[in-house]
Amino acid sequence: MIKTALITGASGGIGAASCKLFKSKGWRVIGLDKFSASHNECDHFITCDLETLIDECDGVFSERMDEIDRHLGGLKLELLVNNAALQVCKKFDDLTIHDFQTTFAINVFAPFQLTKTILDRYSGS
């Protein structure tokens, strides 16, 4: 049986390499990233900015999961790789509240919310 992985940050270095690795091992790969790039290693790609999912995650991601279910037919998601991240490279004195809020949204809240959404959706599966 083919397993399915969802990998965030799929367009970046580690995310793209993760997609390639899982694909080479026979997994179905769903990539998620705000940047569009070559997604030859993804069976399905979702363009999505994790920062914007803070208020919309449940509804938007449920719609996306419905789309994925239709596209892959009988999808069972076995793995979520919360790879997407943001690093703001500034001296502490130059950091803004927006820098902190954006970093927190992408690095902390989005992985929590995505994990919770997926667990809620697939609990009992």
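You're looking at a predicted model, where local features need pLDDT of at least 70 and side-chain atom pairs count only at pLDDT 80 or more, while totals for chains, interfaces and linings use all residues. Residues are numbered from 1 along each chain as its sequence is written, and side-chain values use heavy atoms, with hydrogens and water left out.

**Stop one: the overall layout**

Switch to a cartoon view. You'll find three helices and four strands, arranged along the sequence as β-α-β-β-α-β-α. Helices (H or I, at least four residues) and strands (E, at least two) are DSSP runs, numbered from the N terminus. Select helix H1 (residues 13–24) and you have the element with the highest mean pLDDT, 94; helix H2 (residues 53–72) has the lowest, 66.

The accessible surface comes to about 7,500 Å², and 56% of it belongs to carbon and sulfur atoms; areas come from the Shrake-Rupley method with a 1.4 Å probe, and for residues only the protein chains shown count as cover. Of the 125 residues, 38% count as buried. Buried means under 20% relative accessible area, exposed means over 50%, and partly exposed is in between (1.4 Å probe, protein chains only).

How about contacts (heavy atoms within 4.5 Å)? Among those with a separation of 6 or more, 56% join residues 24 or more positions apart.

**Stop two: Asp33**

Pick Asp33, in strand E2 (residues 28–33). Asp33 is buried but has no salt bridge, and the nearest side chain of opposite charge, Lys34, is 7.4 Å away. For charges, Lys and Arg count as positive and Asp and Glu as negative; His and the chain ends are not counted. A salt bridge here is a side-chain nitrogen of Lys or Arg within 4 Å of a carboxyl oxygen of Asp or Glu.

What does the side chain of Asp33 reach instead? Look for the backbone nitrogen of Ser11, at 2.8 Å. Then show the surroundings: setting aside neighbours within four places in sequence, Asp33 is in contact with Gly9, Ala10, Ser11, Gly12, Phe45, Ile46, Thr47 and Cys48.

**Stop three: the salt bridges**

Side chains of opposite charge can pair when their charged atoms come close. The count of salt bridges comes to three.

- Select Asp43 and Lys23, whose side chains meet at 2.5 Å, N to O. This pair links distant parts of the chain: Asp43 is in the loop between E2 and strand E3 (44–47), and Lys23 is in helix H1, 20 residues apart. Asp43 is partly exposed at 28% relative accessibility, and Lys23 is partly exposed at 29%.
- Lys90 is partly exposed at 41%, whereas Asp99 is buried at 13%.
- Finish with Asp120 and Lys116, where the closest N and O atoms are 3.3 Å apart. These two sit four residues apart in helix H3 (residues 97–122), so about one helical turn separates them. Lys116 is partly exposed, at 38% relative accessibility.

**Last stop: Ile14**

Go back to helix H1 and click on Ile14. Is Ile14 buried or exposed? At 62% relative accessibility, Ile14 counts as exposed. Now draw a distance from Ile14 to Ala84: they are 70 residues apart in sequence and 9.1 Å apart in space, C-alpha to C-alpha.

Methods
A polar contact is a pair of N or O atoms within 3.5 Å; within protein, one must be able to donate a hydrogen and the other to accept it, and residues adjacent in sequence count only if both atoms are side-chain atoms. Contact means heavy atoms within 4.5 Å. pLDDT is the predictor's confidence in each residue, from 0 to 100.
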